Amino acid sequence: MKLNIALLAGDGIGPEVIDQAVKVCNAIAEKYHHELNWRPALTGAAAIDAVGDPYPDETHEICASSDAVLFGAIGHPRFDNDPSAKVRPEQGLLRMRQKLGLYANVRPTFTFPSLIDKSPLKRERIEGTDLVFLRELTGGIYFGKRGREDNGNTAYDTCTYTRKEVQRLAKKGFEMAMKRSGKLCCVDKANVLESSRLWRETVQAMEKDYPEVTVSYEFVDAVAMRLVQWPNAYDVLITENLFGDILTDEASVISGSMGLMPSASIGDSIGLYEPIHGSYPQAAGKDIANPLATILSAAMMFEDFDLMDEAAAIRDVVNRSLEEGIVTEDLAEGGKAYKTSEVGEWLAKHL
Ligand code: IPM
Ligand code: MG
């Protein structure tokens with residue numbers, strides 16, 4: 001297969017982890033006879049510095065005309081502590097999601113047998129966890145009307161959803177549940193929020209089209225609690241943008257390291273693949289960040305092209321590296337800590 005892949009390294013540790021994912025993908029391409037054409041483009045603080053825009057038109061053209069986007073991380077502390085900043089790196093990511101129509105963010109959470117004891121949660125709670133969040137990504141409070149009133153002394157952000165937006169996300173949720181265990185959980189706050197009542201009503205109306213799927217409806221606060229108590233109770237969870245942002249960070253704790261969890265943002269055409277961790281500026285340039293989340297995101301990319309053997313090969317070699325202790329310092333726990341680049345090289349070599 002011939003694939004054009006836009007390569008958006010972004011900020012902080014983004015470039016380092018992306019480099020390792022490219023090594024691994026190139027090794028896959030060689031082994032399975034694919035042709036990968038990497039198309040680097042600027043985004044985030046790096047793009048603000050270069051051209052004053054975190055998602056320049058040129059980057060959008062490159063993404064929109066590629067088969068997939070592989071993304072590192074976005075964000076820089078110099079903007080975080082400056083509430084008056086007019087242009088922020090994160091705006092680039094949000095605009096990219098919207099312009100590329102990436103309305104569904106797929107965030108799996110699973111455990112690695114060799115790492116179970118690294119999780120701060122007890123083994124008996126998390127063993128066998130295998131769930132996936134489908135987070136709505138281009139609506140809700142992230143994109144609703146916001147502003148200031150009263151001479152700047154009152155601020156508001158609004159959460160708006162249309163039935164169509166809920167339906168297209170929920171459809172992906174039902175389809176995914178059918179491929180898995182047939183269990184779908186709709187996470188909302190329908191006891192308080194009107195937008196959540198629209199979610200619930202819309203999903204309820206879709207149930208009849210998917211008789212094989214059992215749907216549960218749970219409030220977001222309760223899910224936040226149960227997720228770390230009985231993660232095994234869940235399989236596919238669908239939720240709106242902000243709830244999904246928060247719950248997926250929480251869920252990453254189950255796996256033992258945020259450096260491990262991949263994600264895919266999909267819509268009706270192109271997909272974007274990125275680790276769920278941020279730009280980790282303290283580690284930037286030190287060659288210590290864990291590249292596995294980005295590498296496992298690349299596995300999700302191959303899977304979306306129906307290249308199942310390629311995806312499985314990546315997951316297998318990642319498992320082997322964990323079992324053999326070829327890990328970065330976040331997982332080393334007293335053992336030898338390998339550099340980001342060494343982990344990438346090891347994986348590429350052992351594929
Ligand atoms: C994520 C991140 C982003 C989000 C930020 C960087 C805008 O936290 O992908 O989860 O809130 O969606
Ligand atoms: Mg987040």
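Arg-163 and Glu-201 are joined by a salt bridge in which the closest N and O atoms are 3.0 Å apart. This pair connects distant parts of the chain, since Arg-163 belongs to helix α7 (residues 163-179) and Glu-201 to helix α8 (residues 194-206), 38 residues apart. The model is a predicted one. Arg-163 has a relative accessibility of 39% and counts as partly exposed. Glu-201 is likewise partly exposed, with a relative accessible area of 39%.

## Packing of helices α7 and α8

Two packed helices are described by the angle between their axes and the distance between the axes. For α7 and α8 the angle is about 50°, and the axes are 9 Å apart. The two helices are therefore oblique to each other, and α7 passes α8 in a right-handed crossing.

On the α7 side, the contact is made by Arg-163, Val-166, Gln-167, Leu-169, Ala-170, Lys-171 and Phe-174. On the α8 side, Leu-198, Trp-199, Glu-201, Thr-202, Val-203 and Met-206 take part.

## Other salt bridges

The whole structure holds 19 salt bridges. One of them joins Asp-49 to Arg-78, with 2.6 Å between the closest N and O atoms. Asp-49 lies in helix α2 (residues 44-51) and Arg-78 in helix α4 (residues 77-80), and the pair links distant parts of the chain, 29 residues apart. Asp-49 is exposed because its relative accessibility is 53% and the cut-off for that class is over 50%. Arg-78, at a relative accessible area of 41%, is partly exposed.

A further salt bridge connects the side chains of Asp-157 and Arg-146, at 2.8 Å from N to O. Asp-157 is in strand β7 (residues 154-157) and Arg-146 in strand β6 (residues 146-149), so this pair ties together parts that are 11 residues apart in sequence. Both residues are partly exposed: Asp-157 has a relative accessible area of 43%, and Arg-146 has a relative accessibility of 46%.

## The sheet and its strands

Strand β1 (residues 2-10) runs parallel to β3 and is joined to it by 5 bridges; Leu-8 has Phe-71 in β3 as its bridge partner. Strand β12 (residues 271-275) also runs parallel to β3, through 3 bridges, and Ala-68 stands opposite Gly-271 in β12. Elsewhere, strand β5 (residues 130-136) and strand β10 (residues 236-239) pair in the parallel sense over 4 bridges, with Arg-135 opposite Thr-239 in β10.

## Helices across the sheet

Key: Residues numbered from 1 in each chain as written. Chains lettered and ligands numbered in written order. Predicted model: local features only at pLDDT ≥ 70, side-chain atom pairs only at ≥ 80, totals over all residues. Heavy atoms only, no water. Salt bridge = Lys/Arg side-chain N within 4 Å of Asp/Glu carboxyl O. Buried < 20%, exposed > 50% of the residue type's maximum accessible area, 1.4 Å probe, protein only. Pairing = 2+ DSSP bridges. Axes fitted to C-alpha atoms, helices over the stretch in contact; angles between N-to-C directions. Parallel < 35°, antiparallel > 145°, perpendicular 65-115°, else oblique. Left-handed = near helix turned anticlockwise from the far one by under 90°. Contact = heavy atoms within 4.5 Å.
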